[in-house]
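Please read the numbered points with the sequence and the model side by side.

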Amino acid sequence: MKIPLLFACVLGCLVAPAARAQNEIVIGHFGSLTGGTATFGTSTKEGIDLAVKEINDAGGVLGKKIRVVHEDDQSKSEQATAAVFKLINQDKVVALIGEVASTRSLAAAPTAQRSRVPMLSPASTNPKVTQTGDYIFRSCFIDPFQGAAMADFLMKSDKGPKVKRVAVLYDVRNDYSTGLREFFTNTVKAGGGQIVADEAYGEGDTDFRAQLTKIKQANPEAIYVPGYYTEIGLIARQARDLGVNVPLCGGDGWDSEKLFEGGGAAINGCYFTNHYSAQEERPAVRKFVADYKAMYGGKTPDAMAILGYDAMRIMADAITRAGNTRGKAVRDALAATKDFPAASGTITIDKDRNAQKPIVVLKVQDGKTSFLTSVDPGGAGK
């Protein structure tokens, strides 16, 4: 029987994608490829793509190639939710990687949980993210560890300033920032230190002089600013203009080349906690940095790049151990991840679906960062 030409074309268009789908595993990534924190999403994407290339070059997963669908959430929480809905319902992804920002992960996670699609955040450190449900994971440390690590470093480390009087300037609109403020403050007080000022700003603000003037009057020995690089440079410049010359300190949200553009000399002598340092001598770090530079024109990878790389490899490993791409099987395999040899450090997923892994402290000086120390989850410095 002859098939009409139009029907044949339609049938061919329907069959071809199905045939392609049988030979690939589709994973979704949602991140801030544009918008206020675009370097976060761009670096994560580059790390993911490097991992996918290596995995596919080595034969793929379960005999299939991995294909990643990248969705730009424009650095907006509502767009993160929309991106995850599209990835699940239109692109039919079997798993999700994202987001970097805790606020956007918190917005999108309920959609993944309801759909029983495993979601692995490479960098959202607020504890609430994985509390959304049992399909939500992270491959980074959490803020109780990060906040405590910086407080201990400032007060106790021989490589730190050994201060007792600390001020806090945090982003009241940001779950990441408010969480870090809480855990940092609690550790300072428990260690015999004093929070002499506690001031707030909002994401997108450009004038911090009123808060910094109050902080100056409190005479702190250091200022903890657990925000994103988008505001840190301005805060540092305005602090120096007002005669506030004590170190500013922060978390992994500082990590971006834009930090140096925004802060210039004003951020010299400042510190922040992070997921890795490109200066570490571990073989896994040296290999990752070399491979990344080879793929991206000599550019040095930031923390979001290595976290995207690690998240993709952990997801591929979980699918391999699951033996299929069914949601529950992949979820169970992610939950069973133990001593995974990630580039940023050995990772074990705990009972709360959080990663147990080391943290590093970096110092900013003359447009670059230098590695000072690392701390393991048990609190031991290296």
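1. Contact, as used throughout this note, means heavy atoms within 4.5 Å. Helices (H or I, at least four residues) and strands (E, at least two) are DSSP runs, numbered from the N terminus. The model is a predicted one, in which local features need pLDDT of at least 70 and side-chain atom pairs count only at pLDDT 80 or more, while totals for chains, interfaces and linings use all residues. Residues are numbered from 1 along each chain as its sequence is written, and side-chain values use heavy atoms, with hydrogens and water left out.

2. A residue is called buried under 20% relative accessible area, exposed over 50%, and partly exposed in between (1.4 Å probe, protein chains only). Which residues of α12 are buried? They are G327, A329, V330, R331, A333 and L334. The cover over these buried residues includes β5 (136-138), α11 and β12 (345-349).

3. Charged pairs in α12. A salt bridge here is a side-chain nitrogen of Lys or Arg within 4 Å of a carboxyl oxygen of Asp or Glu. K328 and D332 form such a bridge, with N to O at 2.7 Å. Why can these two residues meet? K328 and D332 are four residues apart in helix α12 (residues 327-335), and are therefore separated by about one helical turn. In general, an α-helix has 3.6 residues a turn, so residues three or four places apart point the same way. D332 also takes part in a salt bridge with R331, whose closest N and O atoms are 3.1 Å apart.

4. Salt bridges elsewhere. How many salt bridges does a search of the whole structure find? The search finds 21. One of them joins the side chains of K45 and D49, at 2.8 Å from N to O. Both residues belong to helix α2 (residues 38-57), where they are four residues apart, about one turn of the helix. K45 is partly exposed, with a relative accessible area of 27%.

5. Nonpolar cores. A nonpolar core is a set of buried Ala, Val, Leu, Ile, Met, Phe, Trp, Tyr and Cys residues joined through side-chain atoms within 4.5 Å. The largest has 95 residues, and F184, F288, M312 and M315 have the most contacts inside it. Helix α11 (residues 303-322) gives the most to this core, namely 13 residues. A second, separate core holds 17 residues, among them F30, V84, V93 and I136. As for F184, with neighbours within four places in sequence left aside, its contacts are G147, M150, A151, L154, V166, V168, I195 and Y224.

6. Packing of α3 and α4. Axes are lines fitted to C-alpha atoms, for helices over the stretch in contact, and angles run from 0 to 180 degrees between N-to-C directions. Helix α3 (residues 77-89) packs on helix α4 (residues 102-115) at about 25°, with the axes 8 Å apart. Angles under 35 degrees count as roughly parallel, over 145 as roughly antiparallel, 65 to 115 as roughly perpendicular and the rest as oblique. The helices α3 and α4 are therefore roughly parallel to each other. On the α3 side the contact includes S77, A80 and T81, and on the α4 side it includes T103, R104 and A107.

7. Packing of α2 and α10. Are α2 and helix α10 (residues 283-295) roughly parallel or roughly perpendicular? Their angle is about 100° and their axes lie 11 Å apart, and α2 and α10 are therefore roughly perpendicular. E46, D49, L50, K53 and E54 of α2 make the contact with K287, F288, D291, Y292 and M295 of α10.

8. Backbone points to inspect. Most residues other than glycine have a negative phi, and most peptide bonds are trans. A cis peptide bond joins G98 and E99, with omega about -10°; E99 is in the loop between β3 (95-97) and α4. L62 has a positive phi, near 55°, and lies in the loop between α2 and β2 (65-72). L62 is partly exposed, at 39% relative accessible area. R116 likewise has a positive phi near 55°, in the loop between α4 and β4 (119-121), and is partly exposed at 44%.
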